[in-house]
Structure formats: C-alpha cells, structure tokens
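I opened this entry to keep a record of what I looked up. The notes below follow the order in which I went through the model.

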Amino acid sequence: MAVARLAAVAAWVPYRSWGWAAAPVGPHRGLGALLALIPQRAPRWLPACRQKTSLSFLNRPDLPNLAYKKLKGKSPGIIFIPGYLSYMNGTKALAIEEFCKSLGHACIRFDYSGVGSSDGNSEESTLGKWRKDVLSIIDDLADGPQILVGSSLGGWLMLHAAIARPEKVVALIGVATAADTLVTKFNQLPVEDSRRKNCISLHSA
C-alpha cells in the first residue's frame, strides 16, 4: 500500500504548480536574470515540509565525498535518485521525503559527485561515476530493503543499481525515466566512441 501511494505522488508531483514567483522577461532581462530568481526551496504547495534532516557527507577513499540527508524510519526505505545535474533539494526530492515522513518510512536523498554540495568536478563526471555514487549510497547508508525512486536520468541509474544490488532493492518507481533516450543516443555514437571506457563504464563494477 505504501508503494502504491508513493507511486501516486511520483506521478502527481510534476503537474503541480511549483509556486515560483513570476518574473517579467524582456530585452532588459536575460535568461540568467530569470534563473537567478528561482529559489532553492520547497514550493508553496508543501507548507508542512520542514527540514529536520541535517546535511551529512559520505566519506569514500579515492572517490569524491557525497552530500546526503537521511531521514530515519521503518523499512522499506526510500532512496531518491535525481535527474541530470539535479540537486537533493529539488521539488520532487522534498516531496518524496515529506511523504515518507507522513508514513514513518526512512528516506535518503543525495547529490551526485560534482553536483550540489558533493565533492568533485561536474566536468569530469560520467554515468559510470554516478552509478558508483548510487551504489555507495545503497551499500554504505541504506539499512535493509530499499525502494528506488529515479527521476529522468536517475531512472536509468536506478535500473542499473537494481541489477547490481538485487538483494537490497525491492521495488522501483520511475519518474519520466530517461532510459530510452540514453540507449538511443548511445546507439547513434560512432563505433570508436561507443567503445571508449567512459561510455561503457556504466557496466563496470
């Protein structure tokens, strides 16, 4: 029942108003000025969402430290896997955490290496490195069985994490999963590029 209700929220979240303040766009206001007005906060339609989880870091030898927030609760726990260059403080991540609070379930949200508060350089990031980030969260932070909620690119990484850790992943919820797009782009690469280590590192341990 909890999984079904969480899936309903995942399907409902993208269609709600985000509550950002409107800003005029004209010759004197470029895209940079518009984006600067978008706050990194919970939207107005989540008035009860109060941050009680503190920012922590997962220290990893020879790998960038990952910033995360962990909400304690019952099993199965929920791990939110964000989209491309998305942060753990995004709208969907906060909505998932608030929903877990209402049910008393554990929840983990995090930033990929090179993104948000995590260490690393985004220009050096690859899908293979972010796959390792997800597996680190599952292996080192998650307690017991987990439900993975993957948004966009996170849906693709969610699938690979489930294959790599079948004993810990009990359910998957995809939010606009981008698996088909990535496979299509990969198949369009020249043969020499598709064989490069960074392209195939997603399949490495």
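**Ground rules.** I am working with a predicted model, in which local features need pLDDT of at least 70, side-chain atom pairs count only at pLDDT 80 or more, and totals for chains, interfaces and linings use all residues. Residues are numbered from 1 along each chain as its sequence is written, and side-chain values use heavy atoms, with hydrogens and water left out.

**Confidence.** I started with pLDDT, the predictor's confidence in each residue, from 0 to 100. The protein chain averages 77, and 67% of the residues score at least 70. The lowest confidence is in helix α2 (residues 31-36), at a mean of 40, and the highest in strand β4 (residues 105-110), at 98. I noted that residues 2-49 stay under 50 in pLDDT, and that the model has 50 contacts beyond four places in sequence for them; contact means heavy atoms within 4.5 Å. Residues 197-205 are also below 50, with 19 contacts beyond near neighbours in sequence. Helices (H or I, at least four residues) and strands (E, at least two) are DSSP runs, numbered from the N terminus.

**Strand β4.** I next looked at burial, where buried means under 20% relative accessible area, exposed over 50%, and partly exposed in between (1.4 Å probe, protein chains only). Six of the six residues of β4 are buried, so the strand is largely enclosed by the rest of the structure. His-105, Cys-107 and Arg-109 point one way, while Ala-106, Ile-108 and Phe-110 point the other way. In a regular strand the side chains alternate between the two faces of the sheet.

For partners I used the rule that two strands pair if DSSP finds at least two bridges between them. Strand β2 (residues 63-71) runs antiparallel to β4, joined by four bridges, and Tyr-68 stands opposite Phe-110. Strand β3 (residues 74-81) pairs with β4 in the parallel sense over four bridges, and Phe-80 stands opposite Arg-109.

Helix α3 (residues 91-103) has 13 residues and reaches 19 Å from first C-alpha to last, close to the 18 Å expected at 1.5 Å a residue; the expected span is 1.5 Å times one less than the number of residues. I find 10 of its 13 residues buried, among them Leu-94, Ile-96, Phe-99 and Cys-100. Just after α3, Gly-104 takes a positive phi of about 80 degrees. In helix α5 (residues 153-164) the end C-alpha atoms are 17 Å apart, which agrees with the 16 Å that its 12 residues should span. Nine of the 12 are buried, including Trp-156 and His-160.

**Cysteines.** How many disulfides does the structure hold? It holds zero, a disulfide being a pair of cysteine sulfur atoms within 2.5 Å. The sulfur of Cys-107 is 4.1 Å from the closest cysteine sulfur, in Cys-100, too far for a bond. Cys-100 is buried at a relative accessible area of 2%, and Cys-107 is buried at 1%.

**Two serines.** Is Ser-136 buried or exposed? Ser-136, in helix α4 (residues 127-140), counts as buried at 10% relative accessibility. Leaving aside neighbours within four places in sequence, I list its contacts as Leu-58, Arg-60, Leu-66 and Leu-141. Ser-56, in strand β1 (residues 56-60), counts as partly exposed at 23%. With the same exclusion, Ser-56 is in contact with Leu-66, Ala-67 and Tyr-68.
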